[in-house]
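Colleague: Could you walk me through a few spots in this model? I have the sequence open alongside it.

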Amino acid sequence: MGSGQGLPRMQELTFTAQGSSLVVTLTPNVLAHFEANAQRGGRSEAGGQLFGTFPAPNIMKVEKATGPVSAYRRFWNRIILNQRADQREINAEFEKGLHYLGDWHTHPATIPTPSPMDYQTFQSRFQKSTHELHAMLMVIVGTNPFPGGLWVGLQNNSISTKLVLPYS
């Protein structure tokens with residue numbers, strides 16, 4: 001399924017932070033990339049980076065998901081990203097007009113939730129990255145159909161916030 005061929009065309013999904021005007025939109029090609037890399041059938045964990053634009057001050061539009069790349073070390077329950085490969089990708093996508101927004105990875109669970117290690121990793125990535133974001137996006141892809149098979153959230157220096165579909 002690697003290229004997403006044969007999959008039905010997915011609609012974009014829009015998430016919000018409760019009590020906030022922030023809107024995060026995942027485009028159909030990003031959702032197809034997640035679906036193609038979902039951790040089913042004993043596959044190793046997959047992951048990568050999220051890139052996009054800011055059509056308005058309170059809107060984050062995720063237009064591209066990358067990875068996994070060959071420089072990552074992948075296991076059934078863990079993925080080790082490669083900082084150099086990630087930075088090269090960030091630089092290349094920025095030249096194309098896309099901003100680094102955060103990261104995604106898979107879990108072999110129907111309805112994914114972040115592990116304690118996920119929260120620690122997300123917070124560390126936010127703190128160590130040079131950026132102008134108020135929070136970074138984090139997505140965990142499970143095995144259920146979307147949107148139920150997605151965990152979407154934001155991370156800043158200290159707080160993780162789960163995003164929700166506006167009418168769920």
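Modeller: Thr-25 is buried, because its relative accessible area is 8% (buried means under 20%, exposed over 50% and partly exposed in between, with a 1.4 Å probe and protein chains only). This is a predicted model, in which local features need pLDDT of at least 70 and side-chain atom pairs count only at pLDDT 80 or more, while totals for chains, interfaces and linings use all residues. Residues are numbered from 1 along each chain as its sequence is written, and side-chain values use heavy atoms, with hydrogens and water left out.

Colleague: Which side chain does the side chain of Thr-25 make a polar contact with?

Modeller: That partner is the side chain of Thr-14, at 3.3 Å (a polar contact is a pair of N or O atoms within 3.5 Å; within protein, one must be able to donate a hydrogen and the other to accept it, and residues adjacent in sequence count only if both atoms are side-chain atoms).

Colleague: Changing topic, how many aromatic pairs are there?

Modeller: There are three, where rings of Phe, Tyr and Trp (its six-membered ring) pair if their centres lie within 6.5 Å, and planes under 30 degrees apart count as stacked, over 60 as edge-to-face and the rest as tilted. Phe-34 and Trp-104 have ring centres 5.3 Å apart and planes at 50°, so this pair is tilted.

Colleague: Are Phe-34 and Trp-104 buried or exposed?

Modeller: Both Phe-34 and Trp-104 are buried. Tyr-119 and Trp-151 form an edge-to-face pair, with 6.5 Å centre to centre and 85° between the planes.

Colleague: And what is the relative accessible area of Tyr-119?

Modeller: Tyr-119 has 34%, so this residue is partly exposed, whereas Trp-151 is buried at 5%.
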